[in-house]
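Student: I have a new structure to look at. Could you walk me through it?
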Amino acid sequence: MARILVTRAIPGPALAQLAQAGHAVTILPGELPPDRDTLLAAVAEADGLLCMLTERVDAELLAAAPKLRAVSNYAVGTDNIDLGAVAARGIPVGNTPDVLTDATADLALALLLAVARRLPEAERAVREGTWTAWRASGWLGLELRGARLAIVGAGRIGRATGERAAAFGMVVENVGRRDNLHAALARADAVSLHVPLTDATQHLMDARAFAAMRPGAILVNTARGGIVDQAALAAALHSGQLGGAGLDVMTPEPLPTDDPLLAAPNLLVVPHIGSATHRAREAMTRLAVKNLLAALAGEQMPHQVGA
Ligand code: DGY
C-alpha cells in the first residue's frame, strides 16, 4: 500500500482506481489549487503525487516529501516540474500526451477563426449597442482559404492544428527548431504556437518577432503564456502591427483583470481551456492514474517523461 496525494479531484471514474488498487488516497478538497503551505504539509507522507499544472514541483516540494517516489502530472506540459531536481532524486514523472491533442487543436482553430473574423470586437458591439447599422466596411476580417498559417512547433498538437487549418483551405507551414523563425513569421498571415515552455522558448515571441510578422497578422497561443512577451504583444496589437490575438494561456494565470494586455484591440483571451472537453479530461485522468499505478508498482510509466 502506498500513500497517494491528489492535489484535487479530477473528472471521470478512473480516479477511484487508485483506492481500488489498495492505496491510501488523499484528495485535497475544493476545485482550486491548494496554497503552497497546504501542499507542502499534505505531501509530507506521500509516496505518489498526482498534481496539476498549477503545482510547482521543485526542490522545496521534494524536500517536504522525503518518501516521494512517483509524480504524475495531469497535463502534457511539464514546465511546472523541475525535471532536473526530480531526476536527481530518481523519481519518475508521468504526463498525459495524445488524449488532449484534438481538444487543444480544436481550440486553436476556434481562436484563429474568432480573431480572423474579429468576433471579440463584433460581439462587444452588439452587447454595448455600438452596432448602429449593417455596414459594408464593418468588422472586415481575414478569410482562411489561401491564407498562410505558420505552426511554430509541429508536434502532436501543432500538426493536428495544421490539419484543421488545411481543411479550411489554409496553406500550412510547419516551423521547427532548425528553421528560420523570423523568416517564417514574415510569410504568415497567422501564427499558432505549439512549442513547450523551456529556457529556449521563453519569450520566443518578443518585440523582434512581432516586428518580423506581416502587418495585420494574427497570433494564436494555446501552448504556454511564457512563450510570449506580453508587453510586446500588447504594443504590437495597439500599433496595428498585429491584427489580433487569441490566447488560451498567459502570464500569470489567472491574468489580473486590470492587466494592460486586456486593453489591447481584437484580443480574445480564454482561461486555459485547451484540454477542457469531457473526453479529453476523463482520458487525462485515466492516463495520470495509469502512470502513477505503474510507477508505484515499480514499473515504467506508460507515459514517462524522458523515457
Ligand atoms: C497541458 O496538458 O499541458 C495543458 O496545458 C492543460 O491540459
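Tutor: Helices (H or I, at least four residues) and strands (E, at least two) are DSSP runs, numbered from the N terminus. The model is predicted: local features need pLDDT of at least 70, side-chain atom pairs count only at pLDDT 80 or more, and totals for chains, interfaces and linings use all residues. Residues are numbered from 1 along each chain as its sequence is written, and side-chain values use heavy atoms, with hydrogens and water left out.

Student: How many helices and strands are there in the chain?

Tutor: The chain has eleven helices and eleven strands.

Student: What percentage of the residues are buried?

Tutor: Buried residues, meaning those under 20% relative accessible area (1.4 Å probe, protein chains only), make up 49% of the 307 residues.

Student: Let us turn to the ligand. Which residues are around the ligand?

Tutor: With a heavy atom within 4 Å as the criterion, they are Leu53, Ala75, Val76, Gly77, Leu100, Arg224, His272, Ser275 and Met284.

Student: Which of them have a polar atom 2.7 Å from an oxygen atom of the ligand?

Tutor: A polar contact is a pair of N or O atoms within 3.5 Å. A backbone N or O atom of Val76 lies 2.7 Å from a ligand oxygen. Arg224 has a polar side-chain atom 2.7 Å from an oxygen of the ligand, and a polar side-chain atom of His272 also lies 2.7 Å from a ligand oxygen. The ligand exposes 230 Å² when taken alone, and the protein buries 91% of that; accessible areas come from the Shrake-Rupley method with a 1.4 Å probe.

Student: Now helix α10. Which of its residues are buried?

Tutor: Helix α10 covers residues 230-239, and its buried residues are Gln230, Ala232, Leu233, Ala234, Ala236 and Leu237.

Student: What do those buried residues pack against?

Tutor: They pack against α9 (207-212), β9 (217-221), β10 (242-247) and β11 (267-269), where contact means heavy atoms within 4.5 Å.

Student: What is found at the start of α10, and what comes just after α10?

Tutor: At the start, a side-chain oxygen of Asp229 reaches to within 3.1 Å of the backbone nitrogen of Ala231. Just after the helix, Gly240 takes a positive phi of about 90°.

Note on methods:
A polar contact is a pair of N or O atoms within 3.5 Å; within protein, one must be able to donate a hydrogen and the other to accept it, and residues adjacent in sequence count only if both atoms are side-chain atoms. Buried means under 20% relative accessible area, exposed over 50%, partly exposed in between (1.4 Å probe, protein chains only).
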